[in-house]
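The sequence and structure come first.

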Amino acid sequence: MLSARLPAYGASFYTRSYRNPPTGSRGGGRNEEAHAVLERLGARGISRSTILTVSDGKKLSFWNLFKGRMGRITVIQVLINFTFSWGYWGLQSWMPTLLEGRGLSASSSFGFIALSAVLMIPGYMSASYLTGRFGRKWIFTIYVLAAAAGGFFFGTASTETEMYVGMFSLAFFALGAWGVWDTWMGELYPSVLRGSGYGSGLFGQRVANTVAPSLVGLLLASATETTSTILFINMFLFATVVLGLFLPETEGSELE
């Protein structure tokens, strides 16, 4: 329980240490202070002569997420959250059972999962670096496509080595894509709708996280072939790639 609370403690410390930059008319013209806060957060390359502002628009209701251009973005990003979460967590939730179905022992399965978890870290780091150079959209698309290819390779592997290559590729690229997506999703909305838009996306994730493990368990309990189950789950990652192509690039854009 203590380890589960540590992220919350860290977030609490972070929010107390870094307040929102005091920009715009509500900041009383405290432009230098705003730049100082951004530099502490790691922002680089912003000229001190740049006037930082925020939207002074009125507060909008939740239903504005589904109007006009925002409606299209909301539907697509909620679907991405659903398919991406299904494709990843549907597989991870039953990984020990799926590996056992592919011939690995219980002890080998847990070692396999542990090594996969280690590869998530360079996945995050590489995606973080590349998205600043090539943009959110294309790095997300390439990483999810590579994760789907890794999942397909894992599902059709005929040797233990092929299983390792497929699963490690899935772990590396899927978690890198998650890092990009968590940033990109919030940037799709103006400030006045960002919290509501992000929350609607998390709702799509929670639905998938609830339904996917149960359905995958049902497939396994009904003696569905392991390879077929893995490929079925993997199709949701391919759907994520297609959906991502319909969202706008935000890297380098001025956020509202």
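A residue counts as buried under 20% relative accessible area, as exposed over 50% and as partly exposed in between, with a 1.4 Å probe and protein chains only. The model is predicted, so local features need pLDDT of at least 70 and side-chain atom pairs count only at pLDDT 80 or more, while totals for chains, interfaces and linings use all residues. Numbering starts from 1 along each chain as its sequence is written, and side-chain values use heavy atoms, with hydrogens and water left out.

**Fold and confidence**

The chain has nine helices and zero strands; these are DSSP runs numbered from the N terminus (helices H or I, at least four residues; strands E, at least two). Of its 256 residues, 39% count as buried. Contact means heavy atoms within 4.5 Å. Among contacts between residues at least 6 apart in sequence, 75% join residues at least 24 apart.

The predictor's confidence in each residue is its pLDDT, from 0 to 100. The chain mean is 81, and 82% of the residues reach 70 or more. Helix α1 (residues 2–17) has the lowest confidence, at a mean of 62, and α6 the highest, at 91. Over residues 23–27 pLDDT stays under 50, and the model has 13 contacts beyond four places in sequence for them. Where pLDDT is low, the predicted coordinates should not be read in detail.

**Aromatic pairs**

Rings of Phe, Tyr and Trp (its six-membered ring) pair if their centres lie within 6.5 Å; planes under 30 degrees apart are stacked, over 60 edge-to-face and the rest tilted. This rule gives 14 aromatic pairs. Two of them are listed here.

| Pair | Type | Centre to centre | Angle between planes |
|---|---|---|---|
| Trp 63 and Phe 66 | tilted | 6.1 Å | 45° |
| Phe 84 and Phe 140 | edge-to-face | 5.8 Å | 80° |

Trp 63 counts as exposed because its relative accessibility is 58%, and Phe 66 counts as partly exposed at 40%. Phe 84 and Phe 140 are both buried. Their pair links distant parts of the chain, with Phe 84 in helix α3 (residues 68–92) and Phe 140 in helix α6 (residues 136–155), 56 residues apart. Phe 84 and Phe 140 form one aromatic cluster with Trp 178, Trp 181 and Trp 184.

**Thr 131**

Thr 131 is found in helix α5 (residues 106–134). Thr 131 counts as buried because its relative accessible area is 8%. Leaving aside residues up to four places away in sequence, Thr 131 touches Arg 136, Ile 139, Val 180 and Glu 251.
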